[in-house]
Structure formats: structure tokens, C-alpha cells
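Here is a briefing on one predicted chain. Please look over the model before reading the notes.

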Amino acid sequence: FILYYIYILLLHNQIIDSFMVAITCQHLLYPATLPSAPNQLSVLSYNVLLPNSHDGWWTYKMYDPTQSYDIDLISTWNYRRNLIKDKIKTINPDVVCMQEVSPISFEEDFAFMREELGYDGVEMFKRGRFRPATFWKSSKCKLASPPVHKDRTLLTCFYLQQQINGDDHDGMHENCSNRIWHVLNCHLQAGPQGSRRLRQIDDGINASFKMAKKLKEDNPRNPLLIVCGDFNGGSECGAIRYLEDGSVGPSFVEDGELITSREKTCPLSTRFKDTATVVVSRSEPPPTLVVAELISQMVKENSSAYEMPEFCNDVISKLTKCYKKYATCNDEHDEGIDGKVMDVKDVERWLIDINKQVGRGSEFRSAAREMGWNDTSKVGGEEAAEEGESNEKSVIVLPSHGKLSLNGFLNVYTEELRGGKFWGIAYDLTVMGQPLPSLGQFHARFDRMYCTEKLIPTAIVDTIATTSCPNDMEPSDHLPVAANFIIDTANDIN
């Protein structure tokens with residue numbers, strides 16, 4: 001009996017091994033469509049770039065103004081939306097995880113997902129200006145539980161369905177199995193916020209673990225979990241190390257700072273697989289962030305790009321030349337350059353050049369303060385409130401007799417630099433006649449897709465960009481990532 005049992009085990013493992021050899025990951029390049037099968041799940045993750053249609057106006061500043069395409073046309077939401085729609089339609093995933101959707105115009109902006117592409121299930125994150133949203137086709141995916149909202153992560157859990165054949169069952173669906181698939185849509189915090197990113201991914205993974213226990217799954221520590229989204233960091237960041245290594249300790253340093261005071265350990269018994277690395281026919285996965293290289297030629301050497309950065313001398317020289325171009329008013333207090341300073345009309349002319357109108361943009365607000373504008377809504381404080389006076393926010397205006405000094409002009413752009421708006425500064429320099437030299441692109445892989453060991457990626461779609469994004473073919477500064485998954489039978493035997 002024992003020998004027979006061993007024989008059956010060996011035979012079973014041989015069958016499993018043969019099955020596993022047969023499953024190879026298909027490497028596809030966009031435009032390509034992911035395969036579809038009843039017992040498989042395909043997922044696409046895409047940071048679609050805010051602004052959408054209503055919230056924000058500055059998208060055009062993210063395009064390279066030296067290119068020949070019509071930026072005013074291709075930066076519009078209608079143009080960008082059609083590109084997004086075509087990509088999703090072509091790849092045709094079961095689940096779409098978006099990042100950077102706007103709650104102000106979400107239903108209008110993405111009505112095409114339901115009306116034209118058939119994604120009749122949707123959940124948008126509950127808080128924030130830049131929100132994740134997950135779409136799915138109810139013909140394939142049935143919610144197993146209400147979605148879970150954590151800090152910039154959104155968890156959805158599904159049963160997979162298939163249509164029942166036969167005239168008597170027209171339009172009816174049944175579950176392929178009782179297995180539950182977890183999809184965690186992430187848009188982790190940007191900037192020097194490593195501790196928050198680590199906390200966000202830890203909260204999201206723990207939400208999946210707790211949901212698996214709540215739904216009484218056989219092994220809650222090894223769920224069918226796909227984690228995807230914009231991680232706002234590469235392999236060096238703590239959130240990625242948490243997924244790939246299983247823990248991050250108190251000695252871990254990111255952006256020069258310790259990011260946790262105690263060990264953060266993944267609650268799952270499985271390590272995560274980076275789906276992009278499954279393809280062995282290439283040396284490394286392609287970047288998902290392809291933008292102009294700006295920081296290295298904009299920030300002073302030995303100055304951090306995120307912690308109180310300073311301009312290098314070359315950029316200060318370019319900004320000084322820009323100021324000289326606009327300054328026409330006689331300088332009585334030696335605050336400008338060559339005896340000239342910028343008055344209100346000069347400032348308005350500058351703002352129209354860079355922002356296309358006066359009254360919008362952080363440059364406008366900073367310039368108004370540099371020229372002497374004060375927020376009168378803060379005057380009076382508690383006394384005004386006690387007397388019943390309104391404490392509403394004041395309308396920002398350029399003081400009619402104010403002047404913008406050279407130092408004030410440089411201060412405006414230093415604020416832009418410290419806000420991380422490298423692309424906005426580069427655009428402004430170009431339209432003001434002092435463009436930065438082209439140093440090629442900055443490449444990074446911020447957008448990723450992971451899965452637990454119970455899942456095997458059977459197909460991956462890569463999108464390749466050779467020029468800085470966004471552009472006339474790419475509607476976002478991020479590129480989508482997409483993959484198809486099947487349950488790994490060998491790792492699913494308990």
C-alpha cells in the first residue's frame with residue numbers, strides 16, 4: 001500500500017510538472033489582446049493622468065513644446081480619452097485598475113467604460129483628488145464582498161463566472177468555482193513619503209488577508225491576490241521591498257530617511273512575484289514612466305530633488321534672462337535688472353505666455369504674494385468671527401501698484417521647484433525663449449503588477465514608448481501594464 005501511495009504521488013507530481021512546463025508566459029507587445037478563458041483572470045493597471053476633463057487645466061505643460069504636434073489638440077481630454085479607450089478596448093482585460101481619476105467628472109469622463117466597452121461594474125475610491133477606480137465586467141466577475149477602501153488602496157474580491165450554454169439559459173451565468181480572486185488597486189503616495197507608502201501597502205495587503213479570513217477561504221495566508229498600480233517608486237523603495245522580500249525593518253533607509261520604527265512584515269505566507277520579470281526573453285522589463293530628463297540639469301549639485309532643492313546656476317541664468325525679457329518698468333529701488341522691474345502689465349503678459357490666462361496657476365498665486373497681496377480673510381481672526389463677519393477665502397489679485405522684483409521672480413520658480421513641478425518649469429522656460437537642452441529621457445518602472453505564488457502569469461502585454469510621454473500616441477506620462485493569470489495547480493494542493 002505504501003509503495004502504491006508513493007507511486008501515485010510520483011505520478012501526480014509528474015503530471016503536474018508536465019502541466020507546468022506547458023504553461024509558458026506569452027509575451028505580447030501593444031497593440032495586442034490578452035487571452036480569455038473561464039478559469040483565468042486578466043487585469044490592466046493604468047495611471048490615466050489627472051487632469052481629466054474638469055479638474056485642472058495644466059495638462060499641456062506636460063507635453064514637449066519643441067515637438068511638431070499640436071499640443072492644444074492632443075492635450076485635451078477628448079483626444080486623450082479616445083486614446084485611453086482604444087488601449088483598453090484592444091487589450092480587453094476582465095478588470096481595469098485606474099489611477100488618477102477625478103471625482104468631479106468621473107461618471108462623465110469614463111461613461112465609455114460601461115456604454116462602449118461593457119465594464120458594468122465599478123468602484124471608485126472614496127477620498128482624495130487623485131483617486132483609484134476599479135472596473136470589471138459582471139459577465140466574468142461577481143463581487144464576493146463589498147470593496148474595501150484603505151489609504152490610497154482599493155480591494156475588490158471576485159468569483160469568476162461563465163455563461164451557461166443553451167437556449168433555456170440565455171444570458172445566465174454560473175460560478176466557474178468557489179475560488180475567490182483578490183485585486184488590490186494601489187496609487188501610493190508620491191514624493192519623499194517612503195514611510196507612508198510602506199504603511200499604505202501594508203494596510204492593503206492586510207485588508208486582503210482579513211477579507212480571506214472573513215470569507216472563510218481555505219488558506220487566508222495564501223490568497224489568489226493580484227497587486228497592481230502606481231507605486232511611485234522603484235525596486236529601491238520600501239513598499240516594493242515589502243512585497244518582494246516579505247518585510248521591511250527599522251534600519252531600512254529610503255530617500256535618506258528611516259521609514260519605519262518597527263519591523264513591518266507581510267501577513268501572507270507567500271512571496272509576491274513581479275509579473276514583468278516572468279518573461280525571460282528580455283534582459284529587463286520596460287519602463288512605465290518615460291519622461292524628459294530634467295532633474296539632473298535643473299537642480300544644484302549636491303542638492304536633494306525633494307528636500308528644499310535649489311536651482312543650479314545655469315537655470316538661474318536662464319530665469320534671469322526671462323525676467324529681463326518681461327521687465328519694462330523703471331526700477332527706482334534697484335530690485336530688477338538693468339534698471340527695469342516687472343509691473344502688473346509685465347506680470348500679466350508673462351502669465352498669459354505660460355498659463356494662457358491671468359488668475360490661475362501656482363505661479364500667479366506666488367507672484368501676487370511677492371507683489372504685496374495679503375490674504376484679508378485671515379485678518380481679524382476670532383474677533384471677526386465673534387462679530388459675525390465672514391471669514392471666507394479672499395480672491396487673489398495682482399496689486400495694481402505692485403512690482404515683481406528679480407528675487408521675487410526667482411522665488412516664484414523656486415516654489416515650483418520645491419513643489420516637484422519640474423515639467424512645468426521646463427515648459428515655461430521653453431515658451432519664454434530659454435529652453436533646457438535635451439538630455440534624453442528619464443526611465444523608471446513605477447507601475448507594476450504582482451501576484452501571489454498560487455497564480456501564474458500566462459500572458460503579459462508591454463507598451464513601449466521611445467519618446468517622452470505624454471505625446472500624440474500616449475495620453476499619460478505613465479504606460480499601462482497588463483497580464484493574464486491562471487491558478488498554479490502545483491502550489492494550490494493543500
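The notes below cover confidence, helix packing, salt bridges and backbone geometry.

This is a predicted model: local features need pLDDT of at least 70, side-chain atom pairs count only at pLDDT 80 or more, and totals for chains, interfaces and linings use all residues. Residues are numbered from 1 along each chain as its sequence is written, and side-chain values use heavy atoms, with hydrogens and water left out.

**Confidence**

- The chain has a mean pLDDT of 90, where pLDDT is the predictor's confidence in each residue, from 0 to 100.
- A pLDDT of 70 or more is reached by 89% of the residues.
- Over residues 6-22, pLDDT stays under 50. The model has eight contacts there beyond four places in sequence (contact means heavy atoms within 4.5 Å).
- Residues 380-391 also stay under 50 in pLDDT, with three contacts beyond four places in sequence.
- Where pLDDT is low, the predicted coordinates should not be read in detail.

**Helix packing**

- Helices (H or I, at least four residues) and strands (E, at least two) are DSSP runs, numbered from the N terminus.
- Axes are lines fitted to C-alpha atoms, for helices over the stretch in contact, and angles run from 0 to 180 degrees between N-to-C directions.
- Helix α11 (residues 362-370) packs against helix α13 (residues 406-418) at about 140°, with axes 9 Å apart. That makes α11 oblique to α13 (under 35 degrees is roughly parallel, over 145 roughly antiparallel, 65 to 115 roughly perpendicular, the rest oblique).
- From α11, the contact uses Ser-362, Glu-363, Ser-366, Ala-367 and Glu-370. From α13 come Gly-408, Asn-411, Val-412, Glu-415 and Glu-416.
- These contact residues of α11 and α13 split into two nonpolar, four polar and four charged (Ala, Val, Leu, Ile, Met, Phe, Trp, Tyr, Cys and Pro count as nonpolar, Asp, Glu, Lys and Arg as charged, and the others, Gly among them, as polar).
- The axes of α13 and α14 come within 7 Å and cross at roughly 140°. The two helices are therefore oblique to each other.
- Tyr-413, Glu-416 and Leu-417 of α13 meet Phe-422, Ile-425 and Asp-428 of α14. Here the division is four nonpolar, no polar and two charged.

**Salt bridges**

- The model has 20 salt bridges (a side-chain nitrogen of Lys or Arg within 4 Å of a carboxyl oxygen of Asp or Glu).
- One pairs Lys-61 with Asp-428, with the closest N and O atoms 3.0 Å apart. Lys-61 lies in the loop between β2 (40-47) and α2 (71-74) and Asp-428 in helix α14 (residues 422-431), so the pair ties together parts 367 residues apart in sequence.

**Backbone geometry**

- Tyr-30 and Pro-31 are joined by a cis peptide bond, with omega about 5°. Pro-31 sits in the loop between β1 (26-29) and β2.
- The peptide bond from Cys-469 to Pro-470 is also cis, with omega near 0°. Pro-470 belongs to the loop between β21 (455-462) and β22 (481-487).
- Leu-49 is not a glycine, yet has a positive phi of about 75°. Leu-49 lies in the loop between β2 and α2.
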